[in-house]
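The sequence and structure come first, and the notes follow.

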Amino acid sequence: MKNQPIYLIILFSFHCLFAQTTVSGTVTDGSKRAIVGANVYLEGTYDGTSTDERGNFSFETGETGTQTLVISMLSFEPHYEVGDVSYFTDLQIQLVEAINSLTGVTLTAGTFEAGDNSKVSVLKPLDIVTTAGAAGDFVAALQTLPGTTTINEDGRLFVRGGDAGETQVFIDGLRVFQPFNATANNIPTRGRFSPFLFKGITFSTGGYSAEYGQALSSVLLLNTTDVPDQEKTDISAMSVGAGIGHTKIWGDQSLSLNTQYINLAPYETLIPSTQGVQWNSPYESIAGEAVFRSKGEKGMFKCYTGFNLAHLDIAQEDINFEDFVRFQLTNKNLYFNASYRYFFDKEWTLNTGASLSWDANKVGIIEDAIDTEEIASHLKAKIKKTFSSRLNLTVGTEYFVTDYSETFTSTDGFAFDTGYNDRLWATFVESDIFFSNDFAMKLGVRSEYSTVFEDFTLSPRVSLAYKTGKKGQFSLAYGDFYQNPLTAILRYDQSLRSEKASHYILNYQFLGEGKTFRAEAYYKDYDDLIKFDTEMPQFNSTFSNSGSGYAGGIDVFWRDNKSIQNLDYWVSYSYLGTERDFKNFREAATPNFAPEHSFSVVTKYWLNKLRSQVGLSYLFGSGRPYNDPNSPEFFAEKTKPFNNLSVNWAYLIDQQKILYFSVNNVLGFDNINNYRYANTPNASGIFERHALRPAADSFFFVGFFWTISADKKSNQLNNL
Amino acid sequence: MKKLIILTLFLTSIASNAQDKYTKGMEKAFQLWSEQKNLDASNLFERIAMAEQNNWLPYYYVALVNTTASFGEKDVEKLTQQLEKAKEFIDIAKRISPDNGEILVMEAMINTAWIAFDGATYGMTLSGKNAQLYQKALELAPANPRVVFSKAEWDMGSARFFGQDTTPYCKDVEKALQLFANFSNDTPYYPSWGKNRAKAVLEQCGE
């Protein structure tokens, strides 16, 4: 091997071919401040370093020719320099701040979120269901937020001086046509959906996105869970019924089934409701829900189906009748909702979906019968392009179909049919613009065309948000909102127009560690409200769009789960000033559903030793206006204030078994919702009245919840 | 023949050169990490990861450095950045090496860091995920000491939270320690942490 030295020389010189070049420079942020610890390297090589305290970097490389220099740093957009390595000396690099969805500015005016990771969440999923007095109804939990008023006898959402019909509910972006169980007058309803199927709840009390329409006051957006964590079976036994649920997972597909039977008869036998009611057959229902999800590489398909069959037979006191008035109801509801989301290349996202609902009621009032049927559907497609973390654009279109028919049959055989068919087209365009981490804007516009009255509407929506510091921010929102008159009116008259509301909102929010403060001032201008000239809307009423009104107020929210260990509480206060001239009002007045002051406190305390969570909620509402026909003034009287103190106790027997107790209105406050006056005065010329009170002051609930899963750890604490 | 020898030498030279670069880089990164220079260590692991896109280990270590640095971190912004970075890199590692028990344990550790930071917010949602991750890791790698130990430690934590007896899990920790004693993997820089922690946990067992 006499040539060995030659090879060595060859090898040596080969190594020498890696001539070393120095790459150097300085990295700063937008305001020329040094960035420490940025990762600077040549793409695809090991050559690189981190910047020092002064933002300087310098490293040697053997690479030659055109290279890509990468500068990456958390919370900044990555920066790339492409060029010959020899030019990479004394570089002055300014990194652009990345838009941070977590700590940056957010568009929050009018919106409350309840979700897992969302920073604007004021409620966590668990809160929704462990709030005392809510009894597992997430709508009842939302009623502890400011901007809502507790209308004890109704159970639906009344937002900022708006009627319950002004709030719409959406699941995965698709409209739910009958979100609440059917019920009798003065018997509160509940939301149809079990909260645990949803991963996020957004509750907007005004100024919401152009994506949503046909709601004058508020939208409630529910998003179903994408992928369940594990297979499990849930069993529940309650004082009012029983339920069973199961989740099965096959790879990327999963199916959750849930069924519940409710019967209030045993409870009513034990603790009968006595205040102005007699149950002939207390509320009884059977409900089923199924959610199927299929996740692909870039797409997600979800399908929700719900079925509900409910029956009740009640007799209620009425000043205009000698005997109690009998009311029978059988409701059948079927709801189907399918959505598909697909992520294309280049940041295009497609969302499509359809919902279909069928709702039939058989109502008996004394001897008369009313049969109603509504078939409604919603088709929607929207496409979103994200240009950068600073700019995105959404364009969408949707189509609503409503076919309603009703047959009234009186004892003497007289029958009367009403109904209507509506087709509503809508399109919307919306853009989120982030000027910086401190300043953002949402701009949108929505147009709608309704075939029922051949009317076209255009609603602009704007919201702005500005961050004043690390924790505080101001938001402003404006929007126009249109909604078709409700079924109760449309079935008699289709020559009307949409009702209109304009929202103006100013919001301040402070997010400290474990502490949230929000204050919001708003003004709502109502126009084109429906008026009619009879007691109730009926076939011979004269309808018009001549009504109007306003609502203004202040909402304050404070939540703290840090100051006292194991204690979490929130306090809400709302001031509401509103008057409207609508329905059969003879002049503008504050309606019965709009108390001036609402206040609530919710507390939750975790007792580690007892493995228990104890909750306490207090709700207060100032007196509600009512009209006394004996007085010359219109709606000048007020009921006494509303008070409710509720307690609950969840005890974990072991990791998978929970015992739950709750008492609604534990102190038995005697609340009065309204007064009903006789249609005609008595012999001495006085209109007599009776108070409309809850069927029972207090309500007791006991439940046992058992989860069976492979990991032996899950439980239904978040179903309670 | 000569040419062949030269070529062979030349190629092995390049190969060992590349090997050396990886070894040198990893050694340097571990050194930085041991000197508590977490950011520098993370940056270097990241640079190695970017150059070795088929090797899950540097990605794994970016996640490990950022996650361990997050335990005890009080600054929510910093914690979020670190844990999001850890999640981003462990997700890539998972794509490179699917069905890897070590990676699942790492993923669960990121969740645990969130729970440790704010149990009220993340406990309910992430503990279900962790239970499943550990379950799957154990199915994939029943003889991996880190898998056995991490699952036992997690189960102990849950039992403690519910005021239950933690002693049944002590035998799992013991089993993990036996596995630690016999465990070996030929891949250079294969994860090796956990033995001392397991010893410490076992010492406190039953107390």
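Helix H3 (residues 56-68) of chain B packs against helix H4 (residues 76-96) of chain B at an angle of about 160 degrees, their axes 8 Å apart. H3(B) is therefore roughly antiparallel to H4(B), a term for angles over 145 degrees. This is a predicted model, in which local features need pLDDT of at least 70, side-chain atom pairs count only at pLDDT 80 or more, and totals for chains, interfaces and linings use all residues. Residues are numbered from 1 along each chain as its sequence is written, while chains are lettered from A and ligands numbered from 1 in the order in which they are written.

**H3(B) with H4(B)**
- The crossing of these two helices is left-handed.
- From H3(B), B:Trp56, B:Tyr59, B:Tyr60, B:Val62, B:Ala63, B:Asn66 and B:Thr67 meet residues of H4(B), including B:Leu83, B:Phe89 and B:Ile96; contact requires C-beta atoms, placed from the backbone, within 7 Å.
- The residues of the contact of H3(B) with H4(B) comprise 12 nonpolar, three polar and one charged.

**H4(B) with H5(B)**
- H4(B) and helix H5 (residues 101-117) of chain B pack at about 165 degrees, with axes 10 Å apart.
- H4(B) is therefore roughly antiparallel to H5(B).
- The crossing of H4(B) and H5(B) is left-handed.
- Among the residues making the contact are B:Leu79, B:Lys87 and B:Lys94 of H4(B), and B:Ile103, B:Glu107 and B:Trp114 of H5(B).
- The residues of the contact of H4(B) with H5(B) comprise 11 nonpolar, no polar and three charged.

Terms used
Axes are lines fitted to C-alpha atoms, for helices over the stretch in contact, and angles run from 0 to 180 degrees between N-to-C directions. Helices (H or I, at least four residues) and strands (E, at least two) are DSSP runs, numbered from the N terminus. Angles under 35 degrees count as roughly parallel, over 145 as roughly antiparallel, 65 to 115 as roughly perpendicular and the rest as oblique. A crossing is left-handed if the near helix is turned anticlockwise from the far one by less than a right angle, and right-handed if clockwise. Two residues are in contact if their C-beta atoms, placed from the backbone, lie within 7 Å. Ala, Val, Leu, Ile, Met, Phe, Trp, Tyr, Cys and Pro count as nonpolar, Asp, Glu, Lys and Arg as charged, and the others, Gly among them, as polar.
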